[in-house]
Amino acid sequence: MKNECMRQALKERLQPSNCLAIWELAERLGLAELQEHARESATRDFEKLQSSPESLFLSLPHARLATLLADMNLNVESEDAAFQAMVAWARHQQPAPSEAELEQLLSLIRFPRMTRAFLVDVVEKEPPRLAEI
């Protein structure tokens, strides 16, 4: 009963600024339904949460970012935003993500959905190891 009340209270307060923290808490407490609602909120409001300082986006574990980027329901205006979010995340990590982690994240970016101009002006100018910047 206690977990049910907590799950419901957190679900009602779910928003872009706290969905990542609630996702982590729900995972720790084994609240699968709340975890799923928080993940859905994160994919629905991806651009809002990655630009919100309170959202903990840059502190996401690699696996959670990969889950978001792999989600076919990731709500971004363009795939450019997903790429830029991934680059910002990689640059923020201490220690830097491994080559394998970067390769996995890059494999989840839908490059064919990017504009040619973005590919030429931004993507091609990134160094091979994004985190070395």
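**Close-up views of a predicted helical model**

View 1. Apart from neighbours within four places in sequence, Leu 20 has contacts (heavy atoms within 4.5 Å) with Ala 42, Leu 49, Ser 55, Leu 56, Phe 57, Leu 60 and Leu 68. Residues are numbered from 1 along each chain as its sequence is written, and side-chain values use heavy atoms, with hydrogens and water left out. Because the model is predicted, local features need pLDDT of at least 70 and side-chain atom pairs count only at pLDDT 80 or more, whereas totals for chains, interfaces and linings use all residues.

**View 2. The largest nonpolar core.** This core, a set of buried Ala, Val, Leu, Ile, Met, Phe, Trp, Tyr and Cys residues joined through side-chain atoms within 4.5 Å, where buried means under 20% relative accessible area with a 1.4 Å probe and protein chains only, has 36 residues, of which Leu 20, Phe 46, Phe 57, Leu 69 and Phe 83 touch the most other members. Among the elements that give two or more residues to it are helices H2 (19-29), H3 (32-44) and H6 (79-92), helices being DSSP runs of H or I with at least four residues, numbered from the N terminus. H6 makes the greatest contribution, with eight residues.

**View 3. The cis peptide bond at Pro 95.** The bond from Gln 94 to Pro 95 is cis, its omega lying near 0 degrees, and Pro 95 is placed in the loop between H6 and H7.

**View 4. The eight helices of the protein.** The protein has eight helices and zero strands, and its C-alpha atoms fill a box of roughly 55 × 30 × 25 Å along the principal axes.

Definitions and conventions. Buried < 20%, exposed > 50% of the residue type's maximum accessible area, 1.4 Å probe, protein only.
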